[in-house]
Amino acid sequence: AKFNPEWQGIVSVVKGDARNLTRTMLDGHQIDIVVSELLGSFGDNELSPECLDPVLAGPCCKPTTISIPMQYTSFLAPVSSVRLHTEAKQQAQV
C-alpha cells in the first residue's frame, strides 16, 4: 500500500489482515472502501468470501462500504495444445 502525501487527512491506507481489524485501529472511523487481493488460486480462493464477508458486515464497515473487487468468478477454460498432449502421452508411457 502506497501513501500519497496529497491524501493527508482525506485517505487513510490500512495494510494488514482485515480479519484482525478493529475500530480502535481506525481511530473510531468506519471503512468506505475495501480493496482486496484475495483472489487466490482456482478451487480454494484463499477463503476469500469467508474472510471478506464478516469484515464487510462487521462494525468496521458502513452499510455503504464499497468492496473492490465486488465479485469474481472462478472458471475453467479448455486448452488444446498438440505439444502438451504429446508430452503428456509420453509421460504416461514411462
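## Reading the labels in a predicted model

Trainee: What makes Trp7, Ile10, Val11 and Val13 a surface patch?

Mentor: This is a predicted model. In it, Trp7, Ile10, Val11 and Val13 make a nonpolar surface patch of about 350 Å². A patch takes residues with over 30% relative accessible area, and joins nonpolar side chains within 5 Å. Ile10 has 70% relative accessibility, so Ile10 passes that area cut-off.

Trainee: Why is Ile10 called exposed?

Mentor: Exposed means over 50%. Ile10 has 70%, so the label is exposed. Ile10 sits in the segment before strand S1 (31–35).

Trainee: How do you know whether Ser67 is buried or exposed?

Mentor: Buried means under 20%. Ser67 has 13% relative accessibility, so Ser67 is buried. Ser67 belongs to strand S2 (residues 61–68). Beyond its neighbours within four places in sequence, Ser67 contacts Val34 and Leu56.

Trainee: What does the side chain of Ser67 reach?

Mentor: The backbone oxygen of Pro69, at 3.2 Å. The cut-off for a polar contact is 3.5 Å.

Trainee: Which residues make up the largest nonpolar core?

Mentor: Seven residues: Leu21, Leu26, Ile31, Val34, Val55, Cys60 and Cys61. A core needs buried residues joined through side-chain atoms within 4.5 Å. In soluble globular proteins, nonpolar side chains tend to be buried together. Ile31 has contacts outside its four-place sequence neighbourhood, including Leu21, Leu26, Cys60 and Cys61. Lys62 and Thr65 are also in contact with Ile31.

Trainee: How many salt bridges does the structure hold?

Mentor: Two.

Trainee: What makes Asp32 and Lys62 a salt bridge?

Mentor: Their side chains meet at 2.5 Å, N to O. The limit is 4 Å, so the pair qualifies. The pair links distant parts of the chain, 30 residues apart: Asp32 is in strand S1 and Lys62 in strand S2.

Trainee: What labels do Arg83 and Glu87 get for accessibility?

Mentor: Arg83 has 60%, over the 50% cut-off, so Arg83 is exposed. Glu87 has 36%, so Glu87 is partly exposed.

Methods. Residues numbered from 1 in each chain as written. Predicted model: local features only at pLDDT ≥ 70, side-chain atom pairs only at ≥ 80, totals over all residues. Heavy atoms only, no water. Helix = DSSP H or I, 4+ residues; strand = E, 2+ residues; numbered from the N terminus. Buried < 20%, exposed > 50% of the residue type's maximum accessible area, 1.4 Å probe, protein only. Polar contact = N/O pair within 3.5 Å; in protein donor to acceptor, adjacent residues only side chain to side chain. Contact = heavy atoms within 4.5 Å. Patch = residues over 30% accessible without salt bridge, like charges linked within 9 Å, V, L, I, M, F, W, Y side chains within 5 Å. Areas by Shrake-Rupley, 256 points an atom, 1.4 Å probe, with all protein chains shown as cover.
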